[in-house]
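The following note sets out numbered comments for a colleague who is examining this model. Please read each point beside the coordinates.

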Amino acid sequence: VTITTRLLVSHLSGIRHYEKDIAKVKEEKEKANRALKLTKSHQDKEQKEGKGIEKTDCVKQKKEHDSETKSRNSKPGRHDKEFEQEEYYLKEKFESVIESLKIFKNDPLFFKPGDQFLYSTYGFTLLSAVVERASGQKFTDYMLKMFRDLDMLSTVLDDNEAMIYNRARCYIYNKKGRLVNAPYVDNSYKWAGGGFLSSVGDLLKFGNALLYSYQAGQFKNRNAKLLPGYLKPGTVAMMWTPVPKTEVSWDRDGKYAMAWAVVEKSQQYGCCRQQRHYASHTGGAVGASSVLLILPEELEPEALGAWPEAPPRGVVVSMICNMQSVSLNSTALKIAREFEEEKRAQ
């Protein structure tokens, strides 16, 4: 078989995640697909039967309220099966990303590359090895230089031995439902898929740099005052283009793109639900949860030449929680929409 970097970055490689039993993975995917089909079928039926936007919104708000109430009344992390996987709690220190490939390099692929979607942290470990070989530098050195270019000076390796200023303590709920310190782990086996520490401010810088790059090509560069983006506009557009055969567990409206979950602008029926274009990604680690969501402003063609209304134009939401298994994506989207509505009202 052939595994390309594009397949890796979109989780279509067939490389396993933490679960080694392919039968269990298939069973969970079938359950998720059945639930998704039922939900979409119910939504389509409501819309086609002419049930108005007011009722649809009421049902949606009730579901969101029930979900949030259930979340408040339950203990985060207690029923998350993924965190029962042993490899989440590795304590071995790896000197390079090439060395860490030994964890999974001899394991069979779960399916033919390109055929199915399977979120895989180890796929990103292999991707980091590609970066290391292509750049001729250690992956960690390469990334730290990139973070410096982006002015993300608080983003560092999650190294247990290093003294890191303002490092937060992470927490989990134990089997008895009591809040305890998260166990010691060494993340050197997955730097690319969950091995960095950052701050809300740094993630906002990262989001704004991507949003600027995405929009820079749409603005007239008057007197060369508009600096180029860190990435080419076409590169970010490609990263935020949904890839066929992918799915997103934390956002049923989205598809996976290249290292980002993306929801495309869409409206099927008049005076009914609208989807706004946005890109996001959640993060889950032992004792911590996070999300970064980017909601680009819908730019009018006549406004693109206006100066100094330069990019980035839109809303970037960053949330970090030192608690395991906390769902943050829907909250981030609500915050982004509130800011967007406020700006429209001005």
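**Notes on the model**

1. Setting aside residues within four places in sequence, Trp240 is in contact with Leu210, Leu211, Tyr214, Ala257, Trp260, Val262, His277, Ala279, Ile294 and Pro296; contact here means heavy atoms within 4.5 Å. This is a predicted model, in which local features need pLDDT of at least 70 and side-chain atom pairs count only at pLDDT 80 or more, while totals for chains, interfaces and linings use all residues. Residues are numbered from 1 along each chain as its sequence is written, and side-chain values use heavy atoms, with hydrogens and water left out.

2. Which residues touch the most other members of the largest nonpolar core? They are Tyr122, Leu210, Trp240, Trp260 and Ile294, in a core of 41 residues. Two or more residues each are supplied by α1, α5 (121–135), α6 (139–149), α8 (200–216), α9 (233–239) and β8, and α5 gives the largest share, 4 residues. Because domain 1 (1–37 + 78–197) and domain 2 (209–345) both contribute residues, this core lies between them; the domain bounds come from an automatic or database domain assignment. A nonpolar core is a set of buried Ala, Val, Leu, Ile, Met, Phe, Trp, Tyr and Cys residues joined through side-chain atoms within 4.5 Å. Buried means under 20% relative accessible area, exposed over 50%, and partly exposed in between (1.4 Å probe, protein chains only).

3. Val291 is placed in strand β8 (residues 288–296) and counts as buried because its relative accessibility is 1%. Beyond its neighbours within four places in sequence, Val291 contacts His281, Thr282, Val317, Ser318, Met319, Leu328, Asn329 and Ala332.

4. Helices (H or I, at least four residues) and strands (E, at least two) are DSSP runs, numbered from the N terminus. Of the 346 residues, 37% are buried. Among contacts with a separation of 6 or more, 68% are between residues 24 or more positions apart.

5. Helix α5 also holds Ser128, which is buried, with a relative accessible area of 2%. Not counting residues up to four places away in sequence, Ser128 touches Val97, Phe139 and Ala192.

6. Asp107 and Arg16 meet in one of them, at 2.6 Å from N to O. Asp107 lies in the loop between α4 (97–100) and α5 and Arg16 in the loop between α1 and α2, so this pair ties together parts 91 residues apart in sequence. Asp107 is partly exposed at 31% relative accessibility, whereas Arg16 is buried at 2%.

7. Asp151 and Lys205 form another salt bridge, their closest N and O atoms being 3.1 Å apart. Asp151 is in the loop between α6 and β1 (156–157) and Lys205 in helix α8, 54 residues apart, and the pair thus links distant parts of the chain. Asp151 is partly exposed, with a relative accessible area of 39%, and Lys205 counts as partly exposed at 34%.

8. Lys265, Arg276, Glu298, Glu340, Glu341 and Arg344 are linked in a network of salt bridges.

9. A cis peptide bond, with omega about 5°, joins Pro311 and Pro312; Pro312 is in the loop between β8 and β9 (314–321). His11, a residue other than glycine, has a positive phi near 60°. His11 lies in the loop between α1 and α2 (22–48) and counts as buried at 2% relative accessibility. Lys245 likewise has a positive phi, near 75°, and is placed in the loop between α9 and β5 (255–256).

Note on methods. A salt bridge is a side-chain nitrogen of Lys or Arg within 4 Å of a carboxyl oxygen of Asp or Glu.
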